[in-house]
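Visitor: I have a model open and want to learn how to read its contacts. Where do we begin?

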Amino acid sequence: MSVVRGLLIVLSGPSGVGKGTVRAAVFDREDHNYVYSVSATTRQSRPGEVHGVDYHFVTHDEFKELIDQDALLEYAEYVGNFYGTPIAKIEEELAKGHDVFLEIEVQGAMKVRERMPEGVFIFLAPPNLGELENRITNRGTDSQEVIYERMQKAREEIELMKHYDYVVINDEVENAVDQINAIICSEHLKVERTIEKIQRDIHDYFQKGD
Ligand SMILES: Nc1ncnc2c1ncn2[C@@H]1O[C@H](COP(=O)(O)OP(=O)(O)OP(=O)(O)O)[C@@H](O)[C@H]1O
Ligand SMILES: Nc1nc2c(ncn2[C@@H]2O[C@H](COP(=O)(O)O)[C@@H](O)[C@H]2O)c(=O)[nH]1
C-alpha cells in the first residue's frame with residue numbers, strides 16, 4: 001500500500017513570540033511522526049545552539065551556493081542575516097509520510113505558500129506587543145538595537161497574519177500546543193476524507209461499467 005504523504009506545517013510569526021518553545025512542546029507528545037526542518041542561516045550561533053540541530057550555520061558564500069544550486073524552498077533576509085529552508089529533506093520526509101514542521105518568518109512563509117499551497121499555515125501571535133518585547137528581552141539573546149529592529153519587523157508581520165490558514169495566540173504555551181494539535185488532527189482528517197471520497201468515486205465508476 002502506498003504511504004500517504006505527510007503534512008507540511010508552517011509555523012510562523014514574529015521573532016520571540018514563542019515558535020521554538022511551542023514547537024518543542026508539540027514535539028514532546030509521545031506518538032507523533034513530526035520532523036523539524038533545520039534551516040540554514042548566516043547568523044552567528046548563540047550560546048547553546050548546535051550546528052545541524054538548531055540551524056545549519058553557514059557563511060555568506062555557502063548560503064549563496066545553496067541559492068545557486070536551487071537547494072532552498074525559500075529564503076529571506078531578516079534583520080541583517082539570511083535564513084533559508086533546505087528543500088531536499090522536506091521532500092524526503094513528506095514522501096515517507098512524516099509531518100514536516102517549518103519554523104520561519106513571514107516573508108519566507110508567504111513564499112512557501114506560493115510553492116506549496118497545500119501546506120498548513122499557522123500564525124503564532126503574541127497576546128500583545130508589550131509581552132512580545134518582554135519575551136525577546138528576557139530571552140537575553142539580542143542587543144537593544146536588534147530588539148528594536150525585531151519589534152519593527154513584528155509590526156509588519158502581524159499585518160500579514162490574514163494570509164494564514166490559522167491564527168493561534170501564544171498566551172500560555174499549553175493552550176497554544178492544544179490548539180496546534182487540534183489543527184493538525186483536523187487537517188489529517190480532511191486528507192483522509194478526501195482520499196476516501198476519491199476511492200469511493202473510483203469504486204462507483206468501475207461498478208457502473210461492470
Ligand atoms: N507562552 C509563553 N509565555 C511566556 N513566555 C514564553 C511563552 N512562549 C515562549 N516564551 C518565552 O519567550 C522567549 C522567546 O521564545 P522562543 O525563542 O521560543 O521564540 P521564537 O518565536 O522561536 O523566536 P525566534 O523566532 O527569534 O527564534 C523565550 O524566552 C521563551 O521561554
Ligand atoms: N524565511 C525564513 N525564516 C527563518 C528560517 N529559519 C528561521 N527563520 C526565522 O528567522 C527569524 C529570526 O530567527 P532567530 O533564530 O535569529 O531568532 C525568526 O522569525 C525565525 O523563525 C528560514 O529557514 N526561513
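Guide: Begin with the polar contact: a pair of N or O atoms within 3.5 Å. Within protein, one atom must be able to donate a hydrogen and the other to accept it, and residues adjacent in sequence count only if both atoms are side-chain atoms. Here, a backbone N or O atom of Val-17 lies 3.3 Å from an oxygen atom of ligand 1.

Visitor: What should I know about the model and its numbering?

Guide: This is a predicted model, where local features need pLDDT of at least 70, side-chain atom pairs count only at pLDDT 80 or more, and totals for chains, interfaces and linings use all residues. Residues are numbered from 1 along each chain as its sequence is written, chains are lettered from A and ligands numbered from 1 in the order in which they are written, and side-chain values use heavy atoms, with hydrogens and water left out.

Visitor: Which residues come nearest to ligand 1?

Guide: A residue is near a molecule if one of its heavy atoms lies within 4 Å of it. Of the 17 residues around ligand 1, the nearest are Ser-15, Lys-19, Gly-20, Thr-21 and Arg-139. Arg-150 places a polar side-chain atom 3.3 Å from a ligand 1 oxygen. Asp-171 uses a polar backbone atom, 3.0 Å from a nitrogen of ligand 1.

Visitor: And how many residues surround ligand 2?

Guide: The count is 17, and the closest are Ser-39, Arg-43, Tyr-55, Tyr-83 and Glu-105. Tyr-83 has a polar side-chain atom 2.6 Å from an oxygen of ligand 2. For Glu-103, a backbone N or O atom lies 3.4 Å from an oxygen of ligand 2.

Visitor: Where do the domains run?

Guide: Domain bounds come from an automatic or database domain assignment. That assignment gives domain 1 (1–34 + 99–209) and domain 2 (38–97). Their centres, taken over C-alpha atoms, are 18 Å apart. Contact means heavy atoms within 4.5 Å; it takes 27 residues from domain 1 and 21 residues from domain 2.

Visitor: How much area do the two domains bury?

Guide: Buried area is the accessible area (1.4 Å probe) that two parts lose on being put together, summed over both. Domain 1 and domain 2 bury about 1900 Å², 60% of it on carbon and sulfur atoms. In domain 1, Arg-5, Arg-115 and Arg-150 lose the most area to domain 2, together 24% of what that side buries.

Visitor: How many salt bridges cross that interface?

Guide: A salt bridge is a side-chain nitrogen of Lys or Arg within 4 Å of a carboxyl oxygen of Asp or Glu. Two cross the interface of domain 1 and domain 2. Asp-142 pairs with Arg-46 in a salt bridge, closest N and O atoms 3.8 Å apart.

Visitor: What about Lys-89 and Glu-93?

Guide: They form a salt bridge, with the closest N and O atoms 3.2 Å apart. Helices (H or I, at least four residues) are DSSP runs, numbered from the N terminus. Lys-89 and Glu-93 are four residues apart in helix α3 (residues 87–95), so about one helical turn separates them.

How values were computed: Helices (H or I, at least four residues) and strands (E, at least two) are DSSP runs, numbered from the N terminus.
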